Amino acid sequence: MKTKVISITEETEDSDKIYQEASEIIKQGGLVAFPTETVYGLGANGLEEKAAAKIYAAKGRPSDNPLILHIAEVSQLNKIVKTIPEAAKKMIETYWPGPLTIIFEKADCVPYGTTGGLETVAVRMPDHKIARRLIQESGVPIAAPSANLSGRPSPTKASHVAEDLYGKIDLILDGGSVGIGLESTIVDVTTVPPMILRPGYITQEMLTELLGEEVAFDPALYDHSSDKRPKAPGMKYRHYAPKAELIVVEGPSYKVIETIGTLAAEQEAKGKKVGIIATEEYQSGYHSGLIEIIGTREKEETIAQNLYHILREFDKNQVDVIYSEGFSKENFGQAIMNRLVKAAGNKVIKLPDKTEIEK
Ligand code: TXA
Ligand code: MG
């Protein structure tokens with residue numbers, strides 16, 4: 001298949017024609033990759049089982065892993081869900097459009113081929129002009145997982161999509177780099193209390209404060225040792241993973257720098273190519289390896305924006321082993337560390353600080 005790539009911004013003249021072409025592909029049952037505020041999505045008509053099947057084929061995605069339906073207006077929601085619980089109404093009012101996916105009981109028109117056989121459906125209204133206009137012109141909810149090959153880091157630029165899916169999809173709309181860089185928060189409102197199934201930019205604290213009541217967090221996401229299954233089927237797969245071995249080193253700053261430095265030198269002595277994921281704050285402490293600056297601890301958003309790109313860069317440079325600093329787990333940090341630790345296949349070195357040793 002020939003994949004067309006079209007660049008588009010708000011200034012693009014003749015954008016009407018581009019949206020017409022892209023929405024025609026969706027209507028005909030084809031695949032269009034498009035930017036959202038979180039990551040790039042791989043879109044198809046979400047109400048057509050055959051179209052959704054093409055997404056699974058292009059990504060190499062297991063068929064039990066359900067897709068998120070993307071809508072442009074709240075009026076589209078009533079058609080695809082059975083009921084809208086009060087908690088969901090509050091979330092929609094405050095956080096849509098935005099990086100929040102809500103799980104509802106599905107209406108009959110939503111095919112099992114989109115929901116991985118489940119009676120529930122995940123829905124999100126993206127806060128991105130290109131995404132919303134594409135959905136509007138297509139006239140249907142667009143099913144869209146992240147536009148990467150299954151198991152690879154999610155795409156934050158159109159070039160990442162092309163790396164994984166060129167020749168397998170009809171069109172890539174290149175709208176530049178995304179803003180957030182990590183996938184949306186997923187919250188299930190079919191249970192009481194609502195439960196977060198995947199952490200993201202909208203945090204547990206934000207939702208608890210909004211509702212004035214408890215919002216739970218899927219315990220399987222913390223407990224890597226047990227065989228508890230995460231409620232979001234996609235969270236059980238090794239995911240976001242670079243080709244190299246990735247190890248996260250957590251603890252007090254001086255110990256993290258020292259340990260990463262020692263491990264990197266040891267690996268290099270063995271002839272291995274080493275990558276280091278460093279923050280601006282710690283970078284000057286490293287003297288070996290290929291160092292990629294992920295961002296600043298002062299602004300966790302910068303870390304989220306660069307994480308997937310850096311993992312892909314290390315793949316391109318064919319490093320054998322990557323050491324990453326650990327980051328704060330507060331607020332949005334919870335999502336960042338969830339993705340990083342998953343990418344590492346749960347390989348984390350925890351260095352105690354002095355007070356813990358003395359205890
Ligand atoms: O930010 C995002 O959410 C991006 C952009 C493109 O919108 N999309 C995205 O989709 O991350 P995907 O397919 O890569 O991840 C969707 C996750 C998977 O873990 C899937 O198992 C879960 O959502 N999911 C979808 N429907 C579900 C349902 N009915 N119940 C539980 N989990 C569901
Ligand atoms: Mg994904």
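Glu 245 has Val 321 of β15 as its bridge partner. This pair belongs to a predicted model, in which strand β12 (residues 245-250) and strand β15 (residues 321-325) run parallel and are joined by five bridges. In general, the strands of a sheet pair through backbone hydrogen bonds, in either a parallel or an antiparallel sense. Both β12 and β15 belong to an open sheet of five strands, ordered β14-β13-β15-β12-β16, with parallel pairing. At the edges of this sheet stand β14 (290-295) and β16 (348-350); each has a single partner strand, so one side of each is left without a neighbour in the sheet. On average, and with direction ignored, neighbouring strands of this sheet are turned by 20° against each other.

Helices accompany the five-stranded sheet. Helix α9 (residues 253-269) lies across β12, β13 (274-279), β15 and β16, and runs at about 175° to β15. Helix α11 (residues 333-343) also packs on the sheet, where it touches β12, β15 and β16. The direction of α11 makes about 135° with that of β12. The loop between β15 and α11 contains Asn 331. Although Asn 331 is not a glycine, its phi is positive, at about 50°.

A further open sheet consists of eleven strands in the order β1-β8-β2-β3-β7-β4-β6-β5-β9-β10-β11, and its pairing is mixed. The edge positions are held by β1 (4-7) and β11 (216-217), each with a single partner strand, so that one side of each is left without a neighbour in the sheet. Within this sheet, β4 pairs with strand β7 (residues 142-143) in the antiparallel sense, over two bridges. His 70 stands opposite Ile 142 of β7. Helix α7 (residues 158-165) lies across β2 (32-34), β3 (41-45) and β8 (171-174), and runs at about 165° to β8.

His 70 also takes part in the surroundings of ligand 1. An N or O atom in the His 70 side chain is 2.6 Å from an oxygen atom of ligand 1. For Asn 65, a polar side-chain atom lies 2.6 Å from an oxygen atom of the ligand. For Thr 38, the corresponding distance between a polar side-chain atom and a ligand oxygen atom is 2.7 Å. Taken alone, ligand 1 exposes 690 Å², of which the protein buries 98%. In total, 29 residues surround ligand 1, and the closest are Thr 38, Asn 65, His 70, Ser 184 and Gly 234. By class, this shell comprises 16 nonpolar, eight polar and five charged residues. At least two residues of the shell are supplied by each of β4 (68-70), β6 (120-124) and β10 (195-198). The strand that gives the most is β6, with four residues.

Two cis peptide bonds were also identified, as described here. One joins Trp 96 and Pro 97, with omega of about -10°. Pro 97 is found in the loop between α4 (86-95) and β5 (100-105). Another cis bond runs from Val 192 to Pro 193, with omega near -5°. Pro 193 lies in the loop between β9 (185-188) and β10, and β10 is one of the strands that supply residues to the shell around ligand 1.

Note on methods: Residues are numbered from 1 along each chain as its sequence is written. Chains are lettered from A and ligands numbered from 1 in the order in which they are written. This is a predicted model: local features need pLDDT of at least 70, side-chain atom pairs count only at pLDDT 80 or more; totals for chains, interfaces and linings use all residues. Side-chain values use heavy atoms; hydrogens and water are left out. A residue is near a molecule or strand if one of its heavy atoms lies within 4 Å of it. A polar contact is a pair of N or O atoms within 3.5 Å; within protein, one must be able to donate a hydrogen and the other to accept it, and residues adjacent in sequence count only if both atoms are side-chain atoms. Accessible areas come from the Shrake-Rupley method with a 1.4 Å probe; for residues, only the protein chains shown count as cover. Ala, Val, Leu, Ile, Met, Phe, Trp, Tyr, Cys and Pro count as nonpolar, Asp, Glu, Lys and Arg as charged, and the others, Gly among them, as polar. Two strands pair if DSSP finds at least two bridges between them. Contact means heavy atoms within 4.5 Å. Axes are lines fitted to C-alpha atoms, for helices over the stretch in contact, and angles run from 0 to 180 degrees between N-to-C directions.
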